[in-house]
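This report describes a protein chain for a reader who is new to structural models. Please keep the sequence and the structure in view while reading.

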Amino acid sequence: MTQTAHTSTSPGKLMLSEQVYAHLRDAIMRGDHAPGDALKPQDLAKDQGVSLAVVREALVRLVGEGLADRLPNRGFAVPAVSDRRWQEIAEARRTIEPVVLRMSIERGDVDWEARVRAAHHRLARTPAYVPEEGEYYSAAWSEAHRVFHRTLLEGCGNPVLLETFDRTWTASELARRWSAQHNPGRDAVGEHRRLEEAALARDADTAAEVLTQHLTRTAADLTGRPHREPAQEA
């Protein structure tokens with residue numbers, strides 16, 4: 001009987017925690033909370049009409065994903081715009097993802113090629129901005145963007161490497177959102193097209209180089225540092 005009672009209450013608590021987490025995550029991504037803003041559990045619990053424990057659980061999860069910081073006094077805040085923070089994330093991605101992409105190009109089959117082409121088509125046809133979502137990338141574009149990059153790497157066939165991608169992608173999501181404001185004229189369409197073309201041509205050297213430049217550009221856009229463009233054909 002005890003076990004049955006526990007089973008009946010846990011899903012509800014889990015669902016509530018998931019709802020609060022999703023709400024806070026979306027609010028941070030939309031820019032409702034500016035970089036460095038405090039995330040006060042008491043205020044959030046009152047706004048959401050939930051317990052302090054539920055809010056803290058959601059905030060801890062956001063910290064684990066790199067979407068919030070836990071401060072020394074046990075408070076929480078939106079990550080500040082820090083050159084070091086985003087450069088470290090970009091460095092990790094530049095170190096790992098081009099290597100995984102090479103593996104994916106080597107190991108990927110025809111089904112992988114089809115998924116890459118479909119993911120790129122969806123990304124290219126999804127508006128990056130929509131009026132009702134303000135100045136940040138739209139939620140639909142962000143998801144299409146994630147799917148395209150992950151699909152490129154899925155040919156590697158290594159779930160541990162893909163889990164690493166998932167973690168660093170989430171941690172860098174804020175950087176991508178914020179960098180859009182710094183360089184609104186960036187040719188993301190062209191960058192992604194070159195990635196697709198190199199991958200499907202099985203040109204691992206070019207694909208790895210294009211991906212490295214792509215990842216470097218996001219960090220450069222955010223920090224305001226100059227980025228040297230690679231030589232390209234006219």
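This is a predicted model: local features need pLDDT of at least 70, side-chain atom pairs count only at pLDDT 80 or more; totals for chains, interfaces and linings use all residues.

## A network of charged residues

Arg115, Arg150, Glu154 and Asp166 are linked in a network of salt bridges. Side chains of opposite charge can pair when their charged atoms come close.

Arg150 has a relative accessible area of 19%, which is under 20%, so Arg150 counts as buried. Glu154, at 25% relative accessibility, counts as partly exposed.

## Salt bridges between separate parts of the chain

How many salt bridges does the structure hold? The number is 13.

Glu113 forms a salt bridge with Arg202, and their closest N and O atoms are 2.7 Å apart. This pair links distant parts of the chain: Glu113 belongs to helix H5, while Arg202 lies in the loop between H8 and H9, 89 residues apart. Glu113 is partly exposed, with a relative accessible area of 24%. Arg202 is also partly exposed, at 31% relative accessibility.

Glu191 forms a salt bridge with Arg217, where the closest N and O atoms are 3.2 Å apart. Because Glu191 lies in helix H8 and Arg217 in helix H9, the pair ties together parts that are 26 residues apart in sequence. Glu191 counts as buried at 4% relative accessibility, and Arg217 is buried with a relative accessible area of 7%.

| Salt bridge | N to O distance |
|---|---|
| Glu113 and Arg202 | 2.7 Å |
| Glu191 and Arg217 | 3.2 Å |

## The chain as a whole

The chain has nine helices and two strands. Read from the N terminus on, its elements follow the order α-α-α-β-β-α-α-α-α-α-α. Of the 234 residues in the chain, 44% are buried. Among contacts between residues at least 6 apart in sequence, 69% join residues at least 24 apart.

Arg93 is placed in helix H4, which covers residues 83–107. Is Arg93 buried or exposed? Arg93 is buried, since its relative accessible area is 6%. The side chains of Arg93 and Glu97 are joined by a polar contact of 2.5 Å. When neighbours within four places in sequence are left aside, Arg93 is in contact with Pro98, Phe165, Thr168, Trp169, Ser172, Arg176 and Leu215.

Helix H5 spans residues 110–125, and Val110 is found in this helix. Val110 has a relative accessibility of 62%, which is over 50%, so Val110 counts as exposed. The C-alpha atoms of Val110 and Gly155 are separated by 9.9 Å, although the two residues are 45 residues apart along the chain.

His120 also has its place in helix H5. His120 counts as buried, at 11% relative accessibility. The side chain of His120 makes a polar contact of 3.3 Å with the side chain of Glu196. Apart from neighbours within four places in sequence, the residues in contact with His120 are Phe148, His192, Arg193 and Glu196.

## Cavities

The model contains two cavities of 30 Å³ or more. The largest cavity has a volume of about 120 Å³. Which residues lie closest to the centre of this cavity? Of the 15 residues that line the largest cavity, these are His145, Arg176, Arg186, His214 and Thr218. Arg176 has already been named as a contact of Arg93.

Definitions and conventions. Residues are numbered from 1 along each chain as its sequence is written. Side-chain values use heavy atoms; hydrogens and water are left out. Helices (H or I, at least four residues) and strands (E, at least two) are DSSP runs, numbered from the N terminus. Buried means under 20% relative accessible area, exposed over 50%, partly exposed in between (1.4 Å probe, protein chains only). On a 1 Å grid over the protein atoms alone, a cavity is a set of points where a 1.4 Å probe fits but cannot get out, and a pocket is an open set with protein on both sides within 12 Å along at least five of seven lines; lining residues have an atom within 4 Å of a point. Grid points are joined across faces, edges and corners, and a volume is the space filled by probe spheres set on the points. A salt bridge is a side-chain nitrogen of Lys or Arg within 4 Å of a carboxyl oxygen of Asp or Glu. A polar contact is a pair of N or O atoms within 3.5 Å; within protein, one must be able to donate a hydrogen and the other to accept it, and residues adjacent in sequence count only if both atoms are side-chain atoms. Contact means heavy atoms within 4.5 Å.
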